[in-house]
Amino acid sequence: MNKNIRDLTVIVIIAFAIWAGFTYISTTTEKQDLVSLEQEEDIADFFNRQIFREYDSLDVGLTDSVMNIVFSRLTDPMDSLRYDYNIYVLKSDQVNAFTAFNGQLFVFTGLIDQTETPEELAAVLAHELAHAEKRHVIKNLVKEIGLNSLILIISGGDPVIMQEITKLVVSSGFSRSMEKEADEYAIQYLKDAKINPNRLTQFFLKLKQKNREIPESLEWISSHPALKERIEFVSENVGDSIEEIPIAVDWEAFKGSLK
C-alpha cells in the first residue's frame, strides 16, 4: 500500500472514531447526568445554607410528622426513589413550593395556608417530586449557565454566585416540556397513591377564583407557564376515575399550628 494512501486511511479512521465518540456520548448521556449525585449533594449543602439565611424553617414535631405522612403517601407505592428526600417548611406568605438539589423540597407556609385538604398539598408535592426524580433543576441550570460553569461552581462554592443560583431556583419556572413531564408523572404518582389527580387542577382553579389577577406572591402559579394549557392537560390525562382514600390528618389543626 502506498505510504500516502496508508496515512490518509489512518487519518480517516481516527476522524471517524472521534466523530462516533462524540455522537455516541451526546446521544446516550443527558447533560444533567454528567453532574454526579455526589456533586449535586455538594451543591445542596451550599444552597441550603443560603436558603436558611433568608428564611426561617419550621422544624417542630407536628410539622415534620404531617409532612412526612403526606409525602410518604406519595412515595410508598414507588418501586425506587432517586434521592433520600427531605421536606422543609419555610415561614413566608409566598404561595410557593420548589424543588432544589439532592432531594430537598421546600414549601412555604403561604402555600399550605391556601390548601383546604392534605390531598391538595399532596398534589403540589407530587409535581415537585416529579421535577426532582427527573433532575429538572440540574438540567435547568446546565441550560442556563452551562455545564462547565456549573462544575466550577461546585468546586468553588462562591457565595455570591450561590446567591444568584438560589434566586434562580426559587423564583424561576421550568420549560414547558419539563412542566408537562412533571405533570405527567404527578398524575401517575397521585393515582398510585389513591389520590384524585384532579386535586392539582382544583388547587389551581381555587387560587384563580380567589385571586382574579394572579399576584406576584402566588409564585407557584405565576412562575409556571401556560396555566390554562396545564389545567387542560391534567384534566385530559387523568384517565379513569379512582376511589380516593383520604389522608388521615387534622388539616385545620395543622394549618393553625403554622401561624
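Me: Two strands count as paired if DSSP finds at least two bridges between them. By that criterion, in which sense do S1 and S2 pair, parallel or antiparallel?

Reply: The model is predicted, and the assignment is read from its atoms. S1 and S2 are joined over two bridges, and the criterion asks for at least two, so the two strands qualify as a pair. Within this pairing, Leu-58 stands opposite Val-89 in S2. The sense in which S1 and S2 pair is antiparallel.

Me: In which sense do strand S2 and strand S4 pair?

Reply: Strand S2 covers residues 86-90 and strand S4 covers residues 104-108, with five bridges between them. Two facing positions can be named: Asn-86 stands opposite Gln-104 in S4, and Leu-90 stands opposite Phe-108 in S4. The sense of this pairing is parallel.

Me: Which are the edge strands of the open sheet?

Reply: The open sheet has four strands with mixed pairing, in the order S1-S2-S4-S3.

Me: Is Gln-94 buried or exposed?

Reply: Gln-94 belongs to the loop between S2 and S3, and its side chain makes a polar contact of 3.2 Å with the side chain of Tyr-55. Its relative accessibility is 17%, and the limit for the buried class is under 20%. Gln-94 therefore counts as buried.

Me: How many degrees lie between the planes of Phe-47 and Phe-98 in their aromatic pair?

Reply: A search of the whole structure finds 13 aromatic pairs. In one of them, Phe-47 and Phe-98 lie 6.4 Å apart, centre to centre, and the arrangement is edge-to-face. This pair links distant parts of the chain, with Phe-47 in helix H2 (residues 37-54) and Phe-98 in strand S3, 51 residues apart. The angle between the planes is 80 degrees.

Me: Why does Phe-47 count as buried?

Reply: The class rests on relative accessible area, with under 20% taken as buried. Phe-47 is placed in the buried class because its relative accessible area is 0%.

Me: Which class of accessibility does Phe-52 count in?

Reply: Phe-52 in helix H2 and Tyr-88 in strand S2 are 36 residues apart, and their rings form an edge-to-face pair at 5.2 Å centre to centre, with 70 degrees between the planes. Ring pairs also link both residues into a cluster whose members include Phe-47, Tyr-55, Phe-98, Phe-101, Phe-106 and Phe-108. Buried requires under 20% and exposed over 50%, and Phe-52 has a relative accessibility of 33%, so it counts as partly exposed.

Me: How far apart in space are Leu-37 and Phe-101, C-alpha to C-alpha?

Reply: Leu-37 lies in helix H2 and, at 34% relative accessibility, counts as partly exposed. Leaving aside residues up to four places away in sequence, Leu-37 touches Arg-82, Tyr-83, Asn-102 and Arg-135. Leu-37 and Phe-101 are 64 residues apart in sequence, while their C-alpha separation in space is 9.4 Å.

Me: Which residue just after H6 takes a positive phi?

Reply: Helix H6 spans residues 136-145, and its buried residues are His-136, Val-137, Ile-138, Asn-140, Leu-141 and Val-142. Just after this helix, a positive phi of about 90 degrees is taken by Gly-146.

Me: Among contacts in the chain between residues at least 6 apart in sequence, what percentage join residues at least 24 apart?

Reply: The chain has 13 helices and four strands, and 45% of its 259 residues count as buried. It exposes about 13700 Å², of which carbon and sulfur atoms supply 51%. For contacts between residues at least 6 apart in sequence, the share joining residues at least 24 apart is 77%.

Technical notes. Residues numbered from 1 in each chain as written. Heavy atoms only, no water. Buried < 20%, exposed > 50% of the residue type's maximum accessible area, 1.4 Å probe, protein only. Polar contact = N/O pair within 3.5 Å; in protein donor to acceptor, adjacent residues only side chain to side chain. Phe/Tyr/Trp six-rings, centres within 6.5 Å; stacked < 30°, edge-to-face > 60°. Contact = heavy atoms within 4.5 Å. Areas by Shrake-Rupley, 256 points an atom, 1.4 Å probe, with all protein chains shown as cover.
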